[in-house]
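User: I have a structure to look at. Can we go through some of its side chains together?

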Amino acid sequence: MYSWKLAATDRVPKEKRDCVSLREKEAEILKASFYTAIEDDCVRKNPFNFALNAVIEDGVKAEMVSLIA
C-alpha cells in the first residue's frame with residue numbers, strides 16, 4: 001500500500017495525480033477489518049453489553065452484598 005500523501009493536507013508532486021492519503025487508506029482498511037471481526041464474532045461490538053453474573057461469581061457477589069448491608 002502506498003500513496004504520494006501521508007496526510008490529506010499534504011501536497012502531491014507536480015507530475016503525479018491527486019490520490020487518497022496513506023492515513024485515509026489505513027483507516028478504511030482498519031474499519032473494514034473491524035466490521036469483519038464483529039460479523040465473525042471475534043470482537044464484541046458493545047463490550048459493556050453483558051450480564052453482571054457473567055463477570056462476578058456468586059460467592060464474590062454475596063460477600064459484596066454483606067459488606068454493603
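User: Is lysine 5 buried or exposed?
Analyst: This is a predicted model. Lysine 5 lies in the segment before α1. Its relative accessibility is 7%. Buried means under 20%, so lysine 5 counts as buried.

User: Which side chain does lysine 5 join in a polar contact of 3.1 Å?
Analyst: A polar contact needs N or O atoms within 3.5 Å. The contact of lysine 5 is 3.1 Å and runs between side chains. The partner is aspartate 18.

User: Over which ring does the charged end of lysine 25 sit?
Analyst: For this, NZ of Lys must be within 6 Å of the ring centre. The charged end of lysine 25 is 5.7 Å from the centre. The ring belongs to tyrosine 2.

User: Why does phenylalanine 34 count as partly exposed?
Analyst: Phenylalanine 34 lies in helix α1, residues 22-39. Phenylalanine 34 counts as partly exposed because its relative accessibility is 40%.

User: What kind of aromatic pair do phenylalanine 34 and tyrosine 35 form?
Analyst: The count comes to one aromatic pair. Its ring centres, in phenylalanine 34 and tyrosine 35, are 5.9 Å apart, and the planes are at 65°. Planes over 60 degrees apart count as edge-to-face. So the pair is edge-to-face.

User: Which residues make the nonpolar surface patch of about 270 Å²?
Analyst: Patch residues need over 30% relative accessible area. Phenylalanine 34 has 40%, and tyrosine 35 has 42%. The patch is made by Phe34, Tyr35 and Val43.

Definitions and conventions: Residues numbered from 1 in each chain as written. Predicted model: local features only at pLDDT ≥ 70, side-chain atom pairs only at ≥ 80, totals over all residues. Heavy atoms only, no water. Patch = residues over 30% accessible without salt bridge, like charges linked within 9 Å, V, L, I, M, F, W, Y side chains within 5 Å. Areas by Shrake-Rupley, 256 points an atom, 1.4 Å probe, with all protein chains shown as cover. Salt bridge = Lys/Arg side-chain N within 4 Å of Asp/Glu carboxyl O. Helix = DSSP H or I, 4+ residues; strand = E, 2+ residues; numbered from the N terminus. Buried < 20%, exposed > 50% of the residue type's maximum accessible area, 1.4 Å probe, protein only. Phe/Tyr/Trp six-rings, centres within 6.5 Å; stacked < 30°, edge-to-face > 60°. Lys NZ or Arg CZ within 6 Å of the ring centre and 35° of its normal. Polar contact = N/O pair within 3.5 Å; in protein donor to acceptor, adjacent residues only side chain to side chain.
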